[in-house]
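Please read these notes with the model open beside them. They are written for someone new to reading protein structures.

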Amino acid sequence: MKRVPRPVFFIVALLILFFTFTSIFGIKGKNGDNPVTYLKGVGDIRWGIDINGGVEATFTPATSQKATKQQMDSAESTIKQRLIGENITDYEVYTDYNHSRIIVRFPWKNDEKDFDPQKAISELSATAVVTFREGKEYTTQSTGADGNPVYKTPKGVTASSVILKGSDIVSATPQMTTNQTTGRAAYVVSLKLSDSGTKKFADATKRLKNQIISIWMDDVMISYPTVEEEITNGECQIDGGSQGFTAAEASSLANKINAGALPFKLTTTSYGVLSPVLGKSSLSAMKLAGIIAFCLVGLFMILFFRLPGVVAVISLLGQVGLSFAAVSGYFPFLNSFTLTLPGFAGIILSIGMGVDANIITATRIREELWTGKPLDSAISKGDQNSFSAIFDGNITVIIVAIILMLVFGPKNILSYWFGASTTGSIYSFGYTLLIGIIGNFLFGVLTTRLMTKSLSQFSFARSKWLYGGPSEKDKTALKGGAAV
Amino acid sequence: MKTYHIRFYENRWIYYCISLAVVLVGLICNVIFGTRLDIQFTGGAVLSYSYSGEIETQKVERAVESSLGRDASVSVNKNVRSAESGQVSNNVTISLAGTNSITPADQTAVLKALNKAYPNEKFESLKMDSVNPSMGQSFFLKCIVAVLIAFLLLNLYIAARFRKIGGMAAGFFAIFALLHDVAMVYFTFIIFRMPLDDNFIAVVLTILGYSLNDTIVIYDRIRENRRLMGPKTPYRVLVNTSINQTFTRSINTAICTFLAIATVFVVGSVYQLNSVVAFALPMMVGVVTGCYSTVCIAGPLYVTWENHKLKKKSLADAGQARLAAPAKAAAGPAPSSQEAGASAPARPAPKKSAPRKKGKKRKR
């Protein structure tokens, strides 16, 4: 067998410990007064609404006709706009065009004690009021969930002088044009006004040339273009000013303006609300369960498998670390993933399932030792023989984990046919199960083998008994038996 | 090394009886209690509140009925301890009759009515779910389709995998074991009177993958041992030996998985976290049955089937084609014909002398 140098064990073990430690506690520093997160830990995990408390609601248009994609986009952008305006971070909004549904999930706000979810749901789905107003005078300014400033509540002349209402607007569409001076592509929003709107707008633009006309949704200002010329034909363009719009900004603004003229109301078809009290208790319970389960499994492995058991526990630590890292956004290439109660249970379950690879390998090594093979060849033979069994086991669980994600995930091929799920907490379970299997492969196979082989080079670790092989006493008994 | 010598094939009737007994109890419960689907699948509304002091369920029911004009059933969970703060509270769960969803305004009305009926009991909303019936139904359909797709994919995997290790018969019994597991998980929900919900789908799918893994490992060993122990070994011995050899691993993995999920179950029950218990309990059962079905059901059934095939074959062989047996034996790994040809000359496996010894040692 290929010898693995002795230091490898310590290098691998330390790397695993470092990885697990950082994936649980994260690495945080301070830049001046601002806390900076270099690596995300368990504390940065985005908990699902079943843990954090929160709201899950499905809205559908109250109309007999099928809503168009554009109308659904408008409705969606209205909801998003309101969530940002309410300073709700971490919301999830999915639009199902096929079944005309908008699914919204958002967690309880941390700072708000008497948050009324019923009111919040009603407000989210209320019909949008879009207005074009003179000037841009506002009462309050705050920072929204997306980091941009939010200007609220018109005052002064802006409050009193309403130029256009949502019903005056026939359509708003994002368009791409070429900037005449720079020759670069630029995005604009084209407005088309109704007859009454055309007249009102012509008067206003004549009066307010080179001044600002602000656009509001509900109580929030969404744009404040400057009038460049009098617009008499009811068609105009809003460009992004000196910085210009990105394609996304242009379509977002167009969607919001359209929302003022949506021909339907949104109704709440299904919804769920969870108080943070219940969720916090569940989370503490799951953390406790996770720690106990890890200790029990670790103890079992060490008592039953001795040295390979110790190695298994180190690998298992790495696997748990990977599970947390994969949901917290520890790796820059993996987005953070909302962790729900079943998701957490999935991590604990994969602690139990994850030692399977170690068990298969250790059992095989033990068998080879009892046939009388020397330690080194028993280890390499055990490794070889166990691989196909480990592979098989993982494949079948991978299949079911992916299907779980398909059933309960927000947007995928099954949702295309059947619509979104009425509950999403199992999605997270599918994910943690999948990550558990990948971790099982990575740690239960790769690092376990490296560590076992390297460890077996040490003189203190040469005893076959440590690997579950026959001790000296057993050996004499075995020989005696064979002689009979 | 401690090797198990459990005579799985000889004890098969005990295992069959255990399984049948569970199925029977499950069926009886099913007839008595019926199958309940969660509101996720049917549509409907369930509201939970925490409160302090004492309440009467009937008075709560009346309050809800007068505010919404819908019948309601009320259940009370007392002394629920929070795992976070250690605070104790009482919880009441109100299930509205029918499958219609409610609006946010309805929910506000219910809370108002409760506070009016019990001004000092400090009702606070804990959890509420309201599902539109048509959304619920399409979600149910989606889950069923998903389970079928999973089953189909696993069958394809079985077909691909078992071509090498045991043929279609082995594949069939692997699928039978899977169905056995699904039935056991289903009956767990029925016996403990839990409504079928997303947890059921999650557990069924997980157990399908978990149990099949076990089955494949055992059949893989059977194939390996057929080579090592020679074609003359009867199926009974072959399968028993293979199961016993993989038994250490099967039982250890099952113990570890069981330990992990049982911890979740115990902690969940201590703090009365219904959603956690509803997930962990059937998963626990699934882990046990996943291991059991493979070892105690699929293996022995496979032996019965192969023996049955042999009997038929030897009856047929007795009448005709004496030459056929030795010719087939020379062809190598067509095990059924070899054992059938009891008249054919005994052929020890040519190479592999060392492993053969191992096989013998185990038999002793």
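1. Conventions. This is a predicted model, in which local features need pLDDT of at least 70 and side-chain atom pairs count only at pLDDT 80 or more, while totals for chains, interfaces and linings use all residues. Residues are numbered from 1 along each chain as its sequence is written, and chains are lettered from A and ligands numbered from 1 in the order in which they are written.

2. Confidence in chain A. The mean pLDDT (the predictor's confidence in each residue, from 0 to 100) of chain A is 84. A score of at least 70 is reached by 93% of its residues. Helix α9 of chain A (residues 307-328) has the highest confidence in the chain, at 93. The lowest is in helix α14 of chain A (residues 472-483), with a mean of 56.

3. Chain B overall. Twelve helices and four strands are found in chain B; helices (H or I, at least four residues) and strands (E, at least two) are DSSP runs, numbered from the N terminus. Of the 364 residues in chain B, 46% are buried. A residue is buried if 20 or more other C-beta atoms lie within 10 Å of its own, exposed if 12 or fewer, and partly exposed in between, with C-beta atoms placed from the backbone. Contacts (C-beta atoms, placed from the backbone, within 7 Å) between residues at least 6 apart in sequence join residues at least 24 apart in 77% of cases in chain B.

4. The three-stranded sheet. In chain A, an open sheet has the order β10-β11-β14, with antiparallel pairing; two strands pair if DSSP finds at least two bridges between them. Strands β10 (169-178) and β14 (235-239) of chain A are at the edges with a single partner strand each, so one side of each has no neighbour in the sheet. On average, neighbouring strands of this sheet are turned by 30° against each other, direction ignored. The angles are taken between axes, which are lines fitted to C-alpha atoms (for helices over the stretch in contact), and run from 0 to 180 degrees between N-to-C directions. β10(A) and β11(A) (residues 185-193) run antiparallel and are joined by nine bridges. T177(A) has A186(A) as its bridge partner in β11(A). Helix α7 of chain A (residues 247-259) lies across β10 and β11 of chain A, at about 170° to β10(A).

5. Which strands make up the open sheet of eight strands? Its order is β4(A)-β5(A)-β3(A)-β15(A)-β4(B)-β1(B)-β3(B)-β2(B), with antiparallel pairing. β4 (92-96) of chain A and β2 (72-81) of chain B are the edge strands, each pairing on one side only. Neighbouring strands are turned by 20° against each other on average, direction ignored. Where the chains join, β15(A) and β4(B) pair in the antiparallel sense over four bridges, and V273(A) has M128(B) as its bridge partner in β4(B).

6. Helices on that sheet. Helix α3 of chain B (residues 57-68) lies across β2 and β3 (88-96) of chain B, at about 130° to β2(B). Helix α4 of chain B (residues 104-117) lies across β15 (266-274) of chain A as well as β1 (44-51) and β4 (124-131) of chain B, at about 35° to β1(B).

7. The contact between chains. Chain B gives 67 residues to the contact and chain A gives 67 residues. On the side of chain B, α8(B) supplies the largest share, 14 residues. By class, this side has 37 nonpolar, 21 polar and nine charged residues. Here Ala, Val, Leu, Ile, Met, Phe, Trp, Tyr, Cys and Pro count as nonpolar, Asp, Glu, Lys and Arg as charged, and the others, Gly among them, as polar.

8. Domains of chain B. Domain 1 covers 12-37 + 135-310 and domain 2 covers 44-131, with bounds from an automatic or database domain assignment. The C-alpha centres of the two domains of chain B lie 39 Å apart. Four residues from domain 1 and five residues from domain 2 form their contact.

9. Leaving aside residues up to four places away in sequence, T127(A) touches L262(A) and K265(A). T127(A) and A357(A) are 230 residues apart in sequence, and their C-alpha atoms are 56 Å apart in space.

Methods. Two residues are in contact if their C-beta atoms, placed from the backbone, lie within 7 Å.
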